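Here is a briefing on the structure shown below. Please read it alongside the sequence and the coordinates.

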Amino acid sequence: MKMKIKLFTLATMLLATTMAMAQGAQSFRFSEVCLVNPNDSCPTSSYLDEYGQQSSWIEIENSSYSTHDLRGCYITNNRKALDPNLSVPERIEMMSIIVSGDSRTNLTAKQRIVLFADGKVNRGTLHTNFCLDPEGENFIALFDGNAKTLIDSLTIPAGTLTSGQSFSLLADDEGNMIWAVTPVEEVTPKAPAVGTGHNNKVAEWKEKDPHGFAMAIISMCIVLGCLALLYVFFHIFGWTLNRMAKLARVKAIRKIHEEAERLATMAKQGRETQGIEYENYVAAISLAMHEYLGGTHDMESGVLTITPHTTSWNNKEDEMLATPLKQQATTNLSNIKNSAE
Amino acid sequence: MIMLESTGILSFIAQKFVDFLSYTGFANLEWGNLIMIAVGAFFIWLAIKKDFEPLLLIPIGLGIILGNIPFKSAGLEIGLYEDNAVLNFFYQGVKLGWYPPLVFLGIGAMTDFSALIANPKLMLIGAAAQFGIFGAYMIALAIGFEPNQAAGIAIIGGADGPTAIFLSSKLAPNLMGAIAVCAYSYMALVPVIQPPVMRLLTTKNERLIKMKPSRSVSETEKILFPIVGLLITTFVVPSGLPLLGMLFFGNLLKESTKTTRLAKTAGSALNDIVVMLLGLTVGCSTQASEFLTWDTIFIFFLGATAFVIATASGVCFVKIMNLFLSKKNKINPLIGNAGVSAVPMAARISQNIGLEYDSHNYLLMHAMGPNVAGVIGSAVAAGVLLGFLS
């Protein structure tokens, strides 16, 4: 049994670890993609690579609140990589790996990394082996280290962006994440899009609730509600326990009464019947004997059937003489008289 | 030649001596440092002579002195805010917010929730007293603080030092030193602040109300309380998880009766270590340049206001509750002040004032109910504010 518990615990922990690992990779997502025509005569992007060159770039965000490393993941612009029938080597061939050994790929909570889609992997970790088409449709996908598990993918329809504009993941008025075109002046490589983040929350409260009434009402309701829930639970639980305790007390008193009765009977009748009333005692034994001796007791139904049975021991006829006693006495008396005469 | 050499050595010695002097506290002293050192000394005096929260005010007082010893900024790695400094290492517990949950672990291991379980309606008083936080929040906004700063300041009204440090370290780190010192100072001043408010808001007849004795609480209820409490509060306010989780964990260690050793450590040695480091580093963080500002004066004003509002709302809430309770179940409004979570000072004040008016009216155990509910309430309130503003 102990071994089973140990195995179960081990299996649960292993499962949890596996899920945690998967969660790590799944935390990455594309957050902004900027299409730049490298052949533009005047620079359309102010974000340049280590060589001072402009090119299209892809921003990936660690959307979680813990640190995760992007190393070993694969990025591709080849839609064929979505085919589940492809073997791993075939997949890897059409992908660009994010190599290990570069601390920049280790992303802390909400941190972003920019990869240059310039087809020049020899320029470093942050460069992919493919280019994005500034005029046509672009597809990009991010795969986990096994080259099979899709983490995120994005399609930018042809003509959506002009050179220098970016496609950004933004929160709409209802808080849903949507992709939207960002003008050149609002492109934010390695940073959250304009109008998102912590300051926005504070600013919203400041703007919508300058006197703090809403905050006070909402928060007090939550605090009161929370403690009221606790109150209700422990009120009901306490009441139930109280009720159960009362029932237990009644049961105990009843038991004491029964015991007292038994002892009183024993005191009256002695210990032979173990405190059971004598009549009940005899009846119980009689029934048991009756059953044991193969009486008519119906075992299956549990119904005690008593068949009428006539015996002659109390037959009135048997108690009487053939000749009535008075007549016989009279006869005897007359006989005596006659003999005397 | 020898003369020249000796002159060279002498000038070298003189130069180094002058250098040394430039490193001393005297050479770098500012008037602000002197004021803060005086404040630190005053705290120590309060703790030793007046017996005001000595376990907290002595580490904080000495911390204030320590943090205001002037020194030359020359990369010596000795200051609280300097990387690799020992004090900076200690300060991480405050900065990253892991001291307060450890203190809550100790509080949980030391707290007996029986009074609350026996009479669960007292929980509502603990919730009502949290209005002090939100009242102060509104006043702070009116003064001109940003919502996140206002929330960090307002939590002083919860009368819970660790919660105040936890929330202010997340929402208003620049005000944390002032908020922490203010919170602990007012906690020490609870016997001064609360009684006038309690007397003002209650009639003599109300003060004489005798509450019926609490029922006894079963072991099952005591064990169930931290588990159910944790589930309910953290499901409603997950942002309060660090504080509430540790509070109920500590209490479960105590009530399970199977981990007495752990509960004892959490409630004594571990708690003492954390309180020492917390007090010291919080005191250190009150450096004159950061502390001696108008903001600090406002914070102290808001802290006092928050305490008054919290006390008043607790007492008034009991009076409202009494309107709906039968005569034999009435609650003495003097326990309303205990809804703030200054455990057990606030409950002790209820007891003392109750005894002033009726020498046979012992309110301590009744007041402990709202008092411990206040601990939960202030942690929930901190979680709500953190969730909305972080």
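The points below go from whole chains to strands and then to single residues. The model is predicted. Chain A has seven helices and 11 strands, whereas chain B has 21 helices and zero strands.

**Chain A overall**
- Chain A has 341 residues, of which 28% count as buried.
- Its accessible surface is about 22,700 Å², and carbon and sulfur atoms supply 59% of that area.
- Take the contacts in chain A with a separation of 6 or more: 58% of them involve residues 24 or more positions apart.
- Two domains are assigned in chain A: domain 1 covers 24–196 and domain 2 covers 215–292.
- The C-alpha centres of domain 1 and domain 2 of chain A are 71 Å apart.

**Chain B overall**
- Chain B has 390 residues, and 57% of them count as buried.
- Along the principal axes, the C-alpha atoms of chain B fill a box of roughly 105 × 45 × 40 Å.
- The accessible surface of chain B is about 16,600 Å², with 69% belonging to carbon and sulfur atoms.
- Among contacts in chain B between residues at least 6 apart in sequence, 76% link residues at least 24 apart.
- Chain B carries 23 positive and 20 negative side chains. The centres of these two sets are 17 Å apart.

**Open sheet in chain A**
- Four strands of chain A make an open sheet, ordered 5-4-8-9, with antiparallel pairing.
- Strand 5 (96–97) and strand 9 of chain A are the edges, and each pairs on one side only.
- Two bridges hold strand 4 (residues 74–76) of chain A against strand 5 of chain A, in the antiparallel sense.
- In this pair, A:Tyr74 sits opposite A:Ile97 of strand 5.

**Strand 7 of chain A**
- Strand 7 (residues 112–116) of chain A has five of its five residues buried.
- In a regular strand, side chains alternate between the two sheet faces.
- Both faces of strand 7 of chain A are covered. A:Arg112, A:Val114 and A:Phe116 are buried on one side, and A:Ile113 and A:Leu115 on the other.
- Strand 2 (residues 57–62) of chain A runs antiparallel to strand 7 of chain A, joined by five bridges.
- A:Glu61 stands opposite A:Arg112 of strand 7.

**A buried loop residue, A:Gln165**
- A:Gln165 is in the loop between strand 9 (150–156) and strand 10 (166–171) of chain A.
- A:Gln165 counts as buried because its relative accessible area is 18%, and the cut-off is under 20%.
- Leaving out residues up to four places away in sequence, A:Gln165 touches A:Val33, A:Cys34, A:Leu35, A:Thr160, A:Val181, A:Thr182, A:Pro183, A:Val184 and A:Val187.

**Backbone exceptions**
- Most residues other than glycine have a negative phi, and most peptide bonds are trans.
- A:Ala147 has a positive phi of about 65 degrees and is not a glycine. A:Ala147 is in the loop between strand 8 (138–143) and strand 9 of chain A. Its relative accessible area is 0%, so A:Ala147 is buried.
- B:Glu53 also has a positive phi, near 45 degrees. B:Glu53 is in the loop between helix 2 (31–49) and helix 3 (54–67) of chain B. With a relative accessible area of 19%, B:Glu53 is buried.
- The peptide bond between B:Val343 and B:Pro344 is cis, with omega about -5 degrees. B:Pro344 lies in the loop between helix 19 (294–324) and helix 20 (345–357) of chain B.

How values were computed
Residues are numbered from 1 along each chain as its sequence is written. Chains are lettered from A and ligands numbered from 1 in the order in which they are written. This is a predicted model: local features need pLDDT of at least 70, side-chain atom pairs count only at pLDDT 80 or more; totals for chains, interfaces and linings use all residues. Side-chain values use heavy atoms; hydrogens and water are left out. Buried means under 20% relative accessible area, exposed over 50%, partly exposed in between (1.4 Å probe, protein chains only). Contact means heavy atoms within 4.5 Å. Accessible areas come from the Shrake-Rupley method with a 1.4 Å probe; for residues, only the protein chains shown count as cover. Lys and Arg count as positive and Asp and Glu as negative; His and the chain ends are not counted. The place of a charge is taken as NZ of Lys, CZ of Arg, CG of Asp or CD of Glu. Domain bounds come from an automatic or database domain assignment. Two strands pair if DSSP finds at least two bridges between them.
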